[in-house]
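Hi there,

Here is the structure I promised to pass on. Have a look at it first, and then read on for what turned up.

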Amino acid sequence: MSSAEPSGGAVVMPLEPGVSKEPKSGADAVYAFVDDIMPLALLQSGDRMPLVGLGTAGAAETSQAVAVAIRSGYRHIDCAEFYKNQAEIGQALKEVFDEGVVKREDLFLTSKVWNNHHSKADVKSAINNTLRDLGVSYLDLYL
């Protein structure tokens, strides 16, 4: 297997179905699977990032789409204030948390500070609005 190095310092190898849930390493690559179906990359921080995520830009019926995706095994949800649907995503997260489908720590949540919030003063309020809308206390990645 050949390896590829994505940005952020994680090294990921191509994965094959049926690989154990336990992290594997070789040729400086570290990877694992969630429930034998969702590939993960082990980041230099020690965090695991699912390599397949649900993009929520332009999603119709966002809350339902996110809840169904999480119930189906998705663990990486990609959001942005610009998509204007983070409150709906927050509803879906609350639903799956309340049902016991997953806990917050089982998910990798990504959001983005948009171009109109790049000043130092605006970034803090932008992330606080995102956290409030999603109903979570932290993000795994804020771009």
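Accessible areas here come from the Shrake-Rupley method with a 1.4 Å probe. On that basis, the protein chain exposes about 8100 Å², and carbon and sulfur atoms supply 52% of that area. Please keep in mind that this is a predicted model. Of the 143 residues in the protein chain, 37% are buried.

Now the overall layout. The protein chain has 3 helices and 8 strands. Starting at the N terminus, the order is β-β-β-β-β-α-β-α-β-α-β. If you take the contacts between residues at least 6 apart in sequence, 48% of them join residues at least 24 apart.

On to the aromatic side chains. The structure holds 1 aromatic pair: Phe82 and Trp114, which are stacked, with 4.4 Å from centre to centre and 10° between the planes. Phe82 sits in the loop between β6 (76–78) and α2 (86–99), while Trp114 sits in the loop between β7 (108–111) and α3 (120–134), so the pair ties together parts that are 32 residues apart in sequence.

One more ring is worth a look while you have the model open. Arg104 lies over the face of Tyr138, 3.9 Å from the ring centre.

Terms used. Residues numbered from 1 in each chain as written. Predicted model: local features only at pLDDT ≥ 70, side-chain atom pairs only at ≥ 80, totals over all residues. Heavy atoms only, no water. Phe/Tyr/Trp six-rings, centres within 6.5 Å; stacked < 30°, edge-to-face > 60°. Helix = DSSP H or I, 4+ residues; strand = E, 2+ residues; numbered from the N terminus. Lys NZ or Arg CZ within 6 Å of the ring centre and 35° of its normal. Buried < 20%, exposed > 50% of the residue type's maximum accessible area, 1.4 Å probe, protein only. Contact = heavy atoms within 4.5 Å.
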